[in-house]
Amino acid sequence: MLHIVLFGPPGSGKGTQSEKIIEKYGLVHISTGDLLREEVAGQTELGKKAKAIMDKGELVSDDIVIRMIRNKLEENQNGSGYIFDGFPRTVDQARGLRKALTDYDDRVSVMISLEVPREELVKRLLKRGEETGRTDDNLEIINNRIDVYNRQTIPVTYYYDKMHKHAAVEGTGSVNKIFDRIVEVIDKVKD
Ligand code: ADP
């Protein structure tokens with residue numbers, strides 16, 4: 001099975017590239033950001049707790065996120081593989097993912113990190129905020145999300161480096177050009 005972790009800072013284009021990867025490889029998309037926003041929209045207990053944290057640009061607790069992932073894996077046992085988008089975001093989440101997949105005798109095939117300079121991230125997210133009204137896409141919160149990424153999430157790259165599963169991809173240029181770079185990486189690990 002092909003299991004891809006698509007990794008990168010907020011605004012690096014994970015959502016956009018996920019769609020293209022899913023179309024080409026027929027994977028099941030698991031975005032913890034989307035799952036959390038569904039909980040917020042549904043005004044569930046979890047959603048109410050998560051909203052306050054997301055609005056500050058901080059990370060929701062590992063326990064909650066790992067539980068959501070385990071539920072998704074349970075629901076989708078017959079797919080051809082997963083693309084994890086926005087997860088894992090901490091080393092503990094990476095360990096949690098490894099344990100969860102091991103229960104199915106499975107593992108991550110590759111972790112692809114999209115590399116984009118900070119100024120470009122801020123520009124893209126401000127534009128998205130204007131277009132979609134996403135409440136966490138405003139300058140102060142964007143800056144905090146990038147700081148949180150640099151502090152808590154970057155260490156996840158070292159985790160996959162150690163397992164020789166980390167591939168860095170330049171995340172600037174046209175959407176198709178970036179996709180071509182991603183396909184090159186995936187085709188090397190496929191089968
Ligand atoms: P972005 O990558 O653009 O910040 P996401 O949709 O992935 O957007 O995440 C939005 C918010 O949801 C994050 O700022 C965080 O509060 C929360 N979140 C999403 N995924 C996770 C995760 N794996 N662990 C903890 N919090 C998460």
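Which backbone N or O atom lies 3.1 Å from a nitrogen atom of the ligand? The atom belongs to V60. The model is a predicted one, in which local features need pLDDT of at least 70 and side-chain atom pairs count only at pLDDT 80 or more, while totals for chains, interfaces and linings use all residues. Residues are numbered from 1 along each chain as its sequence is written, and side-chain values use heavy atoms, with hydrogens and water left out.

A polar side-chain atom of R89 is 3.1 Å from a ligand oxygen atom, and a side-chain N or O atom of R134 is 3.2 Å from an oxygen atom of the ligand. Taken alone, the ligand exposes 540 Å², of which the protein buries 96%; these accessible areas come from the Shrake-Rupley method with a 1.4 Å probe, and for residues only the protein chains shown count as cover. There are 20 residues around the ligand, and T32, R37, E58, Q93 and R145 come nearest (a residue counts as near if one of its heavy atoms lies within 4 Å).

R145 leads on to D137, as the side chains of D137 and R145 are joined by a polar contact of 2.9 Å (a pair of N or O atoms within 3.5 Å; within protein, one must be able to donate a hydrogen and the other to accept it, and residues adjacent in sequence count only if both atoms are side-chain atoms). D137 sits in the loop between α6 (118-132) and α7. D137 is buried, with a relative accessible area of 5%; buried means under 20% relative accessible area, with a 1.4 Å probe and protein chains only.

Strand β3 (residues 81-85) has 5 of its 5 residues buried. G81, I83 and D85 point one way from the strand, and Y82 and F84 the other way. Helices (H or I, at least four residues) and strands (E, at least two) are DSSP runs, numbered from the N terminus. β3 pairs with β1 in the parallel sense over 5 bridges, where strands pair if DSSP finds at least two bridges between them. Strand β2 (residues 28-31) runs parallel to β3 and is joined to β3 by 4 bridges. Y82 is the bridge partner of H3 and also of V28.

Helix α8 (residues 155-162) has V156, T157, Y159 and Y160 as its buried residues. They lie on the same side of α8 because they cover an arc of only 155° around the axis, taken from the directions from the helix axis to the C-beta atoms. After α8 comes H164, with a positive phi near 60°.

Key. Buried means under 20% relative accessible area, exposed over 50%, partly exposed in between (1.4 Å probe, protein chains only).
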